[in-house]
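Hi,

Here is the structure I promised to pass on. Have a look at it first, and then read my notes below.

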Amino acid sequence: MTSEKTVYDYFNRPLRDLRISVTDKCNFRCTYCMPAEIFGPDYPFLKRDELLSFEEIERLTRISVNSLGVKKIRITGGEPLMRRSLPELIEKLNNIKGVEDIAMTTNGSLLPKYAKELKAAGLERVSISLDSLKDEIFGKINGRGVTVKTVLDGIDAASEAGLKVKINMVVKRGMNDSEILPMARFFREKGHILRFIEYMDVGNTNEWKLDDVYPKKKIVEDIHQVMALEPVDPNYTGEVASRYRYVGSNDEIGVISSVSDAFCSSCNRARLSASGMLYTCLFASKGHDIKSPLRGNLTDDQLTTLLSDIWNGRRDRYSEERSTASTTRKKIEMSHIGG
Ligand code: SAM
Ligand code: SF4
Ligand code: SF4
């Protein structure tokens, strides 16, 4: 059975995209995501039995695709490749009829080991995060001194395995805005789409300040002064990145401007944490426990009703309300929800 039914939220937005975090652990300690001072050796990461099993994730995905209208799946984390036997999960999800696309967001460090297996299991696309081409800057950002080459090797391994590759760069003022142009040049040359992500106030541990945001307008201007850019229409409704093309070519970049230019009105994403909480917004304060009902004896129909009731009641539009929202509000951490 393929997807026939679509659920809509309070603002008439359909559910199309399910982002699944498979672990809260990571081998990096990016300052804007899992600062080492907080995510130290004693941090209480989830235990194995607290994580959703692959079978549980598969069941929820099947229900979401068959009965709720989900079409796209993205695997994330923490660092998703820290989850043992991940290709097995990809294979299970790939076997669900109606899944149109399976992608993953990763820091790339473990791709040399897993890229081929992931591709064979049905993964189509990877977004690989890299914030600088200079070891000095990147080592500080990732908090573990990981070299740029480690990630570049991951990017090459993914391309060689036949995965479609995009690069994600979080831009934070004073941290790596000097790397915007070098990164743009490098990845244009290499033939990968680079997407700049405005630094966001996800969670409460990164001490986000509006002044730290390097806005979309500035990013585009910085590049345009040297390599002329022109806007391109979105590929589909709900695409989060604004697209730009280098004039006179087909080479592109994207900018994800959650802070300076919100896109809540077309947001069709739900996020499932590794511990089985469902969040209807990246900036949610609270989620919905799906693991307990899953581990109880609810039928597929009952789970479908539970999930569609959650989506029907969704009123999230945090990025549109950010300027008036309380900055001290408790929010879920990025490493739990996966971006
Ligand atoms: N570990 C994987 C990675 O880094 O790609 C997947 C999880 S990570 C949480 C997903 C994405 O969120 C990454 O591209 C990361 O750079 C981005 N990210 C994390 N914290 C962020 C923040 N405060 N603002 C903007 N993007 C952020
Ligand atoms: Fe790990 Fe990704 Fe967060 Fe960096 S952004 S700490 S790689 S989960
Ligand atoms: Fe979607 Fe929430 Fe981001 Fe708005 S703030 S685009 S509702 S995740």
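Before the notes, one definition: helices (H or I, at least four residues) and strands (E, at least two) are DSSP runs, numbered from the N terminus. With that in hand, you can find Lys331 in the loop between α10 and α11 (334–337).

Some housekeeping. This is a predicted model, where local features need pLDDT of at least 70, side-chain atom pairs count only at pLDDT 80 or more, and totals for chains, interfaces and linings use all residues. Residues are numbered from 1 along each chain as its sequence is written, chains are lettered from A and ligands numbered from 1 in the order in which they are written, and side-chain values use heavy atoms, with hydrogens and water left out.

**Ligand 1**

What sits around ligand 1? There are 19 residues around it, and Gly78, Thr106, Ser129, Val170 and Met200 come nearest. (A residue is near a molecule or strand if one of its heavy atoms lies within 4 Å of it.) By class, that shell splits into seven nonpolar, ten polar and two charged residues. Here Ala, Val, Leu, Ile, Met, Phe, Trp, Tyr, Cys and Pro count as nonpolar, Asp, Glu, Lys and Arg as charged, and the others, Gly among them, as polar. Strands β3, β5 and β6 (193–198) each give the shell at least two residues.

Now zoom in on a few atoms. Tyr32 has a polar side-chain atom 3.3 Å from an oxygen atom of ligand 1.

Cys33 is buried, because its relative accessible area is 16%; buried means under 20% relative accessible area, exposed over 50%, and partly exposed in between (1.4 Å probe, protein chains only). Cys264 counts as buried too, at 10% relative accessibility. If you go looking for disulfides (pairs of cysteine sulfur atoms within 2.5 Å), the structure holds zero.

**Salt bridges**

How many salt bridges does the structure hold? There are 24, where a salt bridge is a side-chain nitrogen of Lys or Arg within 4 Å of a carboxyl oxygen of Asp or Glu. Here are a few to click on.

Arg314 and Asp9 meet through their side chains in a salt bridge of 2.9 Å, N to O. This pair links distant parts of the chain, 305 residues apart: Arg314 is in the loop between α9 (300–312) and α10 (318–321), and Asp9 is in the segment before β1 (17–21). Arg314 counts as buried at 3% relative accessibility, and Asp9 counts as buried at 5%.

The side chains of Glu100 and Lys71 form a salt bridge as well, at 3.9 Å, N to O. Glu100 lies in the loop between α2 (86–94) and β3 (101–106) and Lys71 in the loop between α1 (54–68) and β2 (72–76), so this bridge ties together parts 29 residues apart in sequence. Glu100 is exposed at 52% relative accessibility, whereas Lys71 is partly exposed at 25%.

Then there is Lys134 with Glu179, at 3.0 Å, N to O. Lys134 counts as partly exposed, at 43% relative accessibility, while Glu179 is buried, at 1%. Salt bridges that share partners also join Asp9, Arg13, Arg314 and Asp316 into one network.

Glu252 is in strand β9 (residues 252–256) and is buried, with a relative accessible area of 17%. The side chain of Glu252 makes a polar contact with the side chain of Arg243 at 2.6 Å. (A polar contact is a pair of N or O atoms within 3.5 Å; within protein, one must be able to donate a hydrogen and the other to accept it, and residues adjacent in sequence count only if both atoms are side-chain atoms.)

Cheers
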